[in-house]
Amino acid sequence: ANKKYWSSLGIEDKKIRVIYNAINLYKVPTIQIRKEFSIPNQFNKIIGCVASLYDSKGHYYLLESYAALISKANDYFLLIIGDGPLKGELISKAKELGIEQSILFTGYHKNARALIKSLDILIVPSESESFGRSLLEAMSTSTPVVATNVGGIPEIITNRTTGLLIKYGDISGFINAIELIVTNSKLRRKMVLNAYEEVQNKFMIDRYKKSINKIYYSIMIEK
């Protein structure tokens, strides 16, 4: 997606190199998420979104989809982790939809990866997304992912192999993806194992450094 963008500006393909963002793998601390946020036991499944609260991140789509989900099954709880200028509007939207009792806006959290590890599912509902670092954090902590098929996300997530991809704005698709992960344990295990392996093979810091060095070296050779 990023390569296509620069190509559309008239830059020759041979002059474009894509280097993916990367993360370190380390022992992520365990957070007792129910205790941390006082989530009642009646909610069996905790799903979450980690993103700044901006239009492009798709929070309105998330809220509307979540409202439809819990109208079918009311044992879900949604954590919206992050801060931003839309927070007040999103809280009002949650009240308008009648879902404020099963949703919490946590604000910024210093250890988002530990929270992601504690979720049953990570949701990335973006309308546009150049990369999506939270996807790597979920993949590295064996947390299943549901994400929109936009921007650079399909370069990270392969549908039904390392996560589930849905069309932005598709509420039925959102519900079906959540229900599939919850009910199909075989697929869920396969995806989280594949996702962890994908991080190791493609998104590690060492690989990132080697790619940068290779580009610098090729530039020096050309000179």
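The following questions and answers concern a predicted model and two of its residues, Thr162 and Lys87. Local features need pLDDT of at least 70 and side-chain atom pairs pLDDT 80 or more, while totals for chains, interfaces and linings use all residues. Residues are numbered from 1 along each chain as its sequence is written, and side-chain values use heavy atoms, without hydrogens and water.

Visitor: What percentage of the residues in the protein is buried?
Guide: Buried means under 20% relative accessible area, exposed over 50%, and partly exposed in between, with a 1.4 Å probe and protein chains only. The protein has 223 residues, and the buried share is 44%.

Visitor: Is Thr162 buried or exposed?
Guide: Thr162 sits in the loop between β5 (145–148) and β6 (164–166); strands are DSSP runs of E, at least two residues, and helices runs of H or I, at least four, numbered from the N terminus. Because its relative accessibility is 6%, Thr162 counts as buried.

Visitor: Which residue has its backbone nitrogen 2.8 Å from a polar atom of the Thr162 side chain?
Guide: Contact means heavy atoms within 4.5 Å. Beyond neighbours within four places in sequence, Thr162 is in contact with residues including Ile156, Met191 and Glu198. The backbone nitrogen at 2.8 Å from the side chain of Thr162 belongs to Thr158.

Visitor: How many Å apart in space are Lys87 and Tyr54, C-alpha to C-alpha?
Guide: Lys87 lies in helix α4 (residues 87–97) and, at 23% relative accessibility, counts as partly exposed. Leaving aside neighbours within four places in sequence, Lys87 is in contact with Leu53, Phe105 and Gly107. Tyr54 is 33 residues from Lys87 in sequence, and their C-alpha distance is 8.7 Å.

Note on methods. A polar contact is a pair of N or O atoms within 3.5 Å; within protein, one must be able to donate a hydrogen and the other to accept it, and residues adjacent in sequence count only if both atoms are side-chain atoms.
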